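Dear colleague,

I am handing over the structure we spoke about, with the sequence alongside. Please look through it before reading my notes below.

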Amino acid sequence: MYSHGSESLIKQAREIQEPELQKFYSRLVKLLQGKELSHETVDSLQRLHLILSATKYTRRLPSELRTRLLSLLSSPVEQLQVLSSAVLREMPPLSAEELNYIQENVGQLNSQTAALLLSKAGTRADLSSVCAQLLRGLDNRPSEAPAHSLMHTLPVLNTILTHSPECLTEDHITLLSKRLVDWLRYASIIQGGGASSGRFFTGPRSRQPVPIAELDGTVSGDFFTVLCVGQGFTEDQWMNVYSFSMLHHWLLTYHSVSNGNSTIETDDRSEVDGSVVSMVSATSSSSRLLPPKERLREKAFQYCQRLIEQSDRKAQKKTDTELQKACLVEAVCILDCVCVEDASLVFRTFPFIKALFGRLSADLSFSRVLLPIAQFYLNHGEMAAVDCESVWKLVFGQFPAELFSDPFLAHELLRFLRLNLEKFQLGVPQYTHFFPNLLKFLAWDSPAVVDDFVDLLPSLVTPATAVELLHTLLDLPCLSATLILQLRSTCLPISEPGGRGLLSLDAFRNPSFRGLFLFMLRGEAGSGDTIDRLSTLHDLLAEAADWPRVVQCAQTIPVLLHIYFNTVVTVADEKLLAHLILVMLERSSILLNIPTYIKEIHRVFSCHLLRMCKLHPSLVVDQSHELLEFAGIPGNVYSKEELYTHVVWVLGEYLSVSCDSRCSVSLITSCFETLEAVLFEITSSGTPPGTVCPAPRVITTLMSALAKLASRSHDLIPRVSLFLSKLRTVTRGGSVAWCSDEEDLVAIVTRGEELWSLLKAPSVAQSVLTPSPHITTPQWHRDTNVAMPLQLRALTSLTHPQ
Amino acid sequence: MVRCFLIHTVCPISALSAGECRVLYSRVFGPDEAVLSEELQELNPEERRLLQKEKVAVVARQVHSAVTLSREASGRQLVEMVPGEEVLALQDANSGVVRLRAGDPFNEEMSVLWLGVHSLGFAMVCEPHENLLLAEGTLRNLSRHCLEHLHMLGPGSEVLLKSSRIDVLLSRLLPHGQLLFLNHRFAQSLEKEVAAYMAK
């Protein structure tokens with residue numbers, strides 16, 4: 001636990017002064033000169049490590065200390081090896097002499113030294129030399145070396161593979177492929193460690209070799225794998241474990257399909273005599289004729305086959321059951337990898353995978369094993385002409401509905417979707433219909449998966465799903481609350497302290513509201529955009545507005561809505577966009593009442609209403625009825641200020657003949673009258689003092705909109721001018737009930753005066769307030785007749801003789 | 001392979017200001033990413049070291065906020081734990097995964113598995129193609145060993161002064177960042193070695 005003591009320790013380590021530090025160094029050098037390993041030495045080395053690692057800048061050690069530390073790398077005492085390696089890792093890179101020293105004195109590269117060399121590697125060449133050194137040790141190792149001396153080789157090589165696969169030459173790859181085959185397939189099947197058969201009277205005769213066992217206790221009948229146990233293990237059995245642990249990565253790195261020449265040859269071969277090759281490799285004796293890479297592939301295949309069989313056994317220990325699951329995942333991944341490389345193996349592999357799917361699909365505890373199986377189906381299902389419907393039903397239909405609260409499954413499933421998005425869009429386009437299910441992951445644990453949805457959401461926005469998706473996104477906090485209630489109601493119905501969640505839980509269990517919640521929990525789209533009694537649902541879930549999970553969910557919605565709208569304008573036609581405007585207007589008052597949520601949503605709506613109308617101005621005329629209905633309600637000025645402002649603005653801007661020829665004079669007049677009525681009402685002196693004032697921006701927007709409309713239908717100009725002059729008169733009298741701030745009032749009045757003077761010259765007003773398109777979309781920089789730089793250039797070339 | 005394993009503080013601690021997170025142990029496996037990437041060739045070794053420390057700090061902060069948000073969402077109260085209740089503490093622990101996008105802070109996309117045990121966070125940065133089921137099991141195992149051998153549930157600054165023990169634990173159960181498929185027998189054998197080392 002972190003305490004003040006720990007904090008002060010770090011502080012001391014950071015702030016140690018130079019003289020004290022030097023004294024410490026010299027004391028340490030003296031200690032290291034001594035022959036015995038004392039507790040003080042170890043303690044001092046540990047403190048040294050803390051001092052060095054606590055600061056962000058690198059400290060310098062005296063060279064004598066460095067030399068001593070280097071010599072400790074080959075100490076027989078592991079503690080000293082570990083500590084010296086850790087200290088030297090915090091230091092600047094090793095000099096050439098130091099590297100030489102290591103090469104000569106450390107002899108066979110031990111694990112700690114290898115770690116040091118890796119971490120201090122400055123170039124790929126450094127990595128190559130570590131690699132070469134290790135492989136040399138692999139090749140010509142004396143047989144009496146201790147059992148653990150080789151074991152770090154494969155992990156170190158795996159590290160090098162990760163960062164710089166080119167460090168291994170073709171020869172290295174061939175050598176390692178051969179050794180891997182030996183370890184994986186031909187490891188000893190006798191228990192190691194001098195295990196006896198366990199009888200009471202032990203003697204030389206009873207030291208019979210005991211065969212390895214399976215996880216359920218039965219004697220093993222086939223080659224050794226990671227799922228075999230024994231009292232002790234031989235070295236090659238350890239290497240079997242290490243080899244399998246890195247096998248997938250090895251195959252991914254060196255056996256990928258894009259791997260140049262070697263794969264072209266194998267492809268040709270498999271095309272010519274594909275079936276012959278696979279039948280040949282089915283028998284192990286003739287597989288010796290295969291080149292090392294292909295042989296490794298074949299052995300990997302057999303290993304995975306065996307693992308799948310072994311995973312069916314009932315393990316005696318729980319940790320082994322977990323290991324079996326992990327092995328299944330790995331085996332399926334390796335088989336997938338191998339089949340991608342050699343398509344002829346698909347026909348041998350599919351029966352296993354299919355059988356495995358059949359065995360596991362009913363058991364949700366194997367969900368994470370089923371994901372790699374789904375990947376296999378996706379990659380090879382078409383080739384094998386296998387029907388994958390049941391797989392998608394499980395992955396998209398069942399998993400999200402029942403396992404939404406498993407963070408690891410959520411991560412892996414969404415990752416699976418993300419990586420294979422193109423394949424899904426081409427081959428399984430119906431996956432978009434499962435968006436209500438997929439959004440359950442988001443509703444449950446927004447912070448963890450919102451990043452994935454930023455990537456996935458655009459693909460879920462299609463013309464068919466757009467409207468329902470919008471409704472679902474807006475109600476995601478409700479889904480969040482519903483999922484919580486669903487989980488709670490499956491627990492025992494014990495009343496919680498404080499009775500929290502009681503009301504909504506009762507509602508959840510109430511049959512008359514069942515339909516509402518069931519709609520929320522639906523798995524597939526298509527059964528309706530939303531429900532009629534949405535506001536009832538919001539009332540029932542009112543107390544959920546402060547549940548942390550619901551609040552976290554609500555915080556991610558605005559971002560996702562932006563992504564939604566940005567995508568939808570690219571895929572939707574005008575009709576759909578018109579529908580969406582209606583949805584926005586309608587839903588602006590039907591949202592779960594979470595503080596700031598409603599405001600944020602209105603802000604998003606406003607922004608995108610504007611964008612949509614800018615892109616398709618005729619939408620305004622199209623939807624004028626609904627927009628006017630919205631704008632005609634004075635209450636909206638106060639409760640939905642942001643959205644109201646923007647609705648008024650788009651009406652003023654785009655309700656004109658130049659935007660849509662259907663715009664008639666009567667339409668302009670009726671719009672004018674609606675807005676005028678609202679403006680009168682909110683600026684009337686009849687409002688009692690102390691009521692909320694309308695935002696100044698609403699008033700100025702209304703005035704501007706009225707002026708714009710009047711500029712298009714000149715009969716209306718007198719009415720506006722009258723209002724504006726009245727406004728000036730009223731405000732000269734001092735403060736007004738509908739505006740509390742003096743500066744705001746001045747701004748409003750100024751705007752009023754500007755509009756009033758503009759409207760005195762109707763044709764000017766028209767060109768200012770309703771400019772024609774070629775003015776609003778200037779291409780002056782492109783038009784050579786008008787663009788200044790181009791004019792200047794033309795003049796220059798004319799006047800300056802070349 | 002696992003790129004990085006770290007232990008850091010989580011949740012409000014009296015010794016630190018709110019939101020601040022102290023990295024108690026970190027181990028980055030393998031060569032420095034910056035060495036092998038073209039854009040970062042001009043950095044000198046000191047800058048590279050600093051960059052690596054910053055990357056680890058970024059991971060710690062991400063996990064810290066993930067743990068905080070997860071605990072907030074689940075609404076469970078933290079119960080005081082005492083040494084001896086390690087297994088219980090692990091059972092109660094929150095766990096999850098954070099996705100780190102490519103470039104933020106590692107060159108490629110990474111998945112960070114985390115475990116929040118009381119006021120400690122254990123995090124393992126894995127490459128996405130890694131077997132996350134195995135990684136999860138390994139993380140739990142490592143955390144259990146760390147908690148038990150370093151008495152992390154009690155007061156005291158053991159973990160700062162005993163980093164070599166964690167190094168040895170990692171060298172057996174996660175050598176050079178390699179996740180291992182260990183059945184209970186193999187695991188037992190390695191854990192015996194670790195216990196022998198810890199006892200010294």
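The mean pLDDT of chain A is 86, and 88% of its residues reach 70 or more. Where pLDDT is low, the predicted coordinates should not be read in detail.

As for annotation, an unreviewed UniProt entry lists residues 323–440 of chain A as "domain: AP-5 complex subunit zeta-1 ARM repeats". In the model this span is 75% helix and 0% strand, and its end C-alpha atoms lie 29 Å apart.

The helix pair consists of helix 18 (residues 407–419) of chain A and helix 21 (residues 446–460) of chain A, whose axes come within 10 Å and cross at roughly 20 degrees. Because angles under 35 degrees count as roughly parallel, helix 18 of chain A and helix 21 of chain A are roughly parallel to each other, and their crossing is left-handed. Helix 18 of chain A contributes A:Ala410, A:Leu414, A:Leu417 and A:Arg418 to the contact, while helix 21 of chain A contributes A:Val449, A:Asp452, A:Phe453, A:Asp455 and A:Leu456. Of these contact residues, six are nonpolar, three are charged and none is polar.

Conventions:
Residues are numbered from 1 along each chain as its sequence is written. Chains are lettered from A and ligands numbered from 1 in the order in which they are written. This is a predicted model: local features need pLDDT of at least 70, side-chain atom pairs count only at pLDDT 80 or more; totals for chains, interfaces and linings use all residues. Side-chain values use heavy atoms; hydrogens and water are left out. Axes are lines fitted to C-alpha atoms, for helices over the stretch in contact, and angles run from 0 to 180 degrees between N-to-C directions. Helices (H or I, at least four residues) and strands (E, at least two) are DSSP runs, numbered from the N terminus. Angles under 35 degrees count as roughly parallel, over 145 as roughly antiparallel, 65 to 115 as roughly perpendicular and the rest as oblique. A crossing is left-handed if the near helix is turned anticlockwise from the far one by less than a right angle, and right-handed if clockwise. Contact means heavy atoms within 4.5 Å. Ala, Val, Leu, Ile, Met, Phe, Trp, Tyr, Cys and Pro count as nonpolar, Asp, Glu, Lys and Arg as charged, and the others, Gly among them, as polar. pLDDT is the predictor's confidence in each residue, from 0 to 100. UniProt positions are given in the numbering used here, feature names are shortened, and annotations may be inferred rather than shown by experiment.
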